[in-house]
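Subject: Structure for you to look at

Dear colleague,

I am passing on the structure we spoke about, and below it I have set down what was found. Please keep it open beside you as you read.

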Amino acid sequence: MRKPAVTSVPIASLMAERWSPRALDASFSVTEDQVRALLEAARWAPSFGNTQPARYLVGLRGTPSFDAILATLNSGNRAWAHRASLLLIGVMVTTNEKGSVPYAEYGLGLASENLVLQAVELGLVAHQMAGFSADAVRSAFSLPDDAVPRVAIAVGSPAAPEVLEEDWRVEREKSERVRLPLEEFAFTDQWGKPAL
């Protein structure tokens, strides 16, 4: 199922095609090369002063790491994410040999967007989630104090919305994608004055 963005002018297809489905094909498995490409894309994201604060915990379906990540998700996310081929936790490292890493969260965000766009390039889908327990991740993976879990990401191949079973979940999957119009998004001269 495709849900390309409806834009006022054409944008790069990777961005137009990116969306966050929950309906995933439980029979699909990502390859090692696909996982490597996702992580390489994330690794080469820009970062403030080349501090590179992003790290990822990686769990392929059928491995203990996958099960451990799945167990940290809230029940709403577990209800569909168990079908993912790959689960990741994006972690930001907040210190290095020079001290505190500035903009670590921003760096992890940039890296994660690269990862998600690489998924689109590979014909995969990725869904980022805030609904997980950072404390459970810390415990399960023995994270040091300066490693802060910030996002969970499910990667896989899309499936028909009906795999979600519950009517409200199926309808949510099929619903139109919506964003603020540009006149409410970009301003000039003063707050609230549309730039375009």
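How many aromatic pairs does the count come to? The answer is two aromatic pairs, and please bear in mind throughout that the model is predicted. One of them is formed by Phe187 and Trp191, whose rings lie 4.6 Å apart, centre to centre, with 65° between their planes. This pair is edge-to-face, because planes over 60 degrees apart are counted that way.

Next come two places where helices pack.

Helix 3, which covers residues 64–72, and helix 6, residues 134–141, have axes that come within 8 Å and cross at roughly 155°, and that angle makes helix 3 roughly antiparallel to helix 6. Their crossing is right-handed, and the contact is made by Ser65, Ala68, Ile69 and Thr72 of helix 3 together with Ala136, Val137, Ala140 and Phe141 of helix 6. Sorted by class, these residues comprise six nonpolar, two polar and no charged.

Helix 2 (residues 32–43) packs with helix 5 (residues 104–121) at an angle of about 145°, and their axes are 7 Å apart; here, too, the crossing is right-handed. On the side of helix 2 you will find Ala37, Leu38, Leu39, Ala41 and Ala42, which meet Ala111, Asn114, Leu115, Gln118 and Ala119 in helix 5. This contact has eight nonpolar residues, two polar ones and no charged ones.

How values were computed: Residues are numbered from 1 along each chain as its sequence is written. This is a predicted model: local features need pLDDT of at least 70, side-chain atom pairs count only at pLDDT 80 or more; totals for chains, interfaces and linings use all residues. Side-chain values use heavy atoms; hydrogens and water are left out. Axes are lines fitted to C-alpha atoms, for helices over the stretch in contact, and angles run from 0 to 180 degrees between N-to-C directions. Helices (H or I, at least four residues) and strands (E, at least two) are DSSP runs, numbered from the N terminus. Angles under 35 degrees count as roughly parallel, over 145 as roughly antiparallel, 65 to 115 as roughly perpendicular and the rest as oblique. A crossing is left-handed if the near helix is turned anticlockwise from the far one by less than a right angle, and right-handed if clockwise. Contact means heavy atoms within 4.5 Å. Ala, Val, Leu, Ile, Met, Phe, Trp, Tyr, Cys and Pro count as nonpolar, Asp, Glu, Lys and Arg as charged, and the others, Gly among them, as polar. Rings of Phe, Tyr and Trp (its six-membered ring) pair if their centres lie within 6.5 Å; planes under 30 degrees apart count as stacked, over 60 as edge-to-face and the rest as tilted.
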